[in-house]
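Please work through each task before reading its solution.

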Amino acid sequence: RWIGTAYENALRYQAARADAVVNDETELFAYGFLSRQLAMLELLARRIGFDVTMIVMRLENPEELTAEQQTRLPVALSRTVKTVLRRSDLAFDYRRTGQEFALVLPATSVEGARIAIVKLAKALREELNTEAPQARFAFSLQTIHDTGSAALVGEAVAQAEELPSGELQDV
């Protein structure tokens, strides 16, 4: 009987973690909340017309950090995001908690996200200088919604409709 109760409690705990908005251990938004937030932001961006970009950070050398240093990384990232980025920018645990992170930047173009990466990398290096100076991160950039691309696609369609049939033109 106690095994069934323990199993039921474990299932409830797992379900609660999956629905959680914030990961209490890392002080970042939970990975399970990311897809819901991206879907909402993309719909809003399409309707209102603003860019949404996402930066994915990956710890390149987890084997060179102690377990204690690895547990400090998300908290250090959270502090860095609060000081460097805007209040509207969101930091998430990503696929591997403590080793991968996603930063969602609403109303930020690709160029703006590149600037944010430079600022973030510098500030994170300074933040981790005493806690985990050997930590190295790789950054990648993803476009969730790009109003510039949407305008170019619309312009290309309009130009294509004006062309006589069978005539092609580079846009």
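**Surface, fold and helix packing**

The protein chain exposes about 10,800 Å², and carbon and sulfur atoms supply 55% of this area (Shrake-Rupley method, 1.4 Å probe). The model is predicted: local features need pLDDT of at least 70, side-chain atom pairs count only at pLDDT 80 or more, and totals for chains, interfaces and linings use all residues. Residues are numbered from 1 along each chain as its sequence is written, and side-chain values use heavy atoms, with hydrogens and water left out.

**Exercise 1.** State the secondary structure of the protein chain and the order of its elements.

*Solution.* Step 1: the chain holds 5 helices and 6 strands (DSSP runs numbered from the N terminus; helices are H or I with at least four residues, strands E with at least two). Step 2: from the N terminus on, the order is α-β-β-α-β-α-β-β-α-β-α.

**Exercise 2.** Determine how helix 3 and helix 4 are oriented to each other.

*Solution.* Step 1: helix 3 (residues 67–84) and helix 4 (residues 110–128) pack at an angle of about 130 degrees, their axes 9 Å apart (lines fitted to C-alpha atoms over the stretch in contact; angles run from 0 to 180 degrees between N-to-C directions). Step 2: the two helices are therefore oblique to each other (angles under 35 degrees count as roughly parallel, over 145 as roughly antiparallel, 65 to 115 as roughly perpendicular, the rest as oblique). Step 3: the contact (heavy atoms within 4.5 Å) involves residues including L73, L77 and V81 of helix 3 and L120, L124 and L128 of helix 4.
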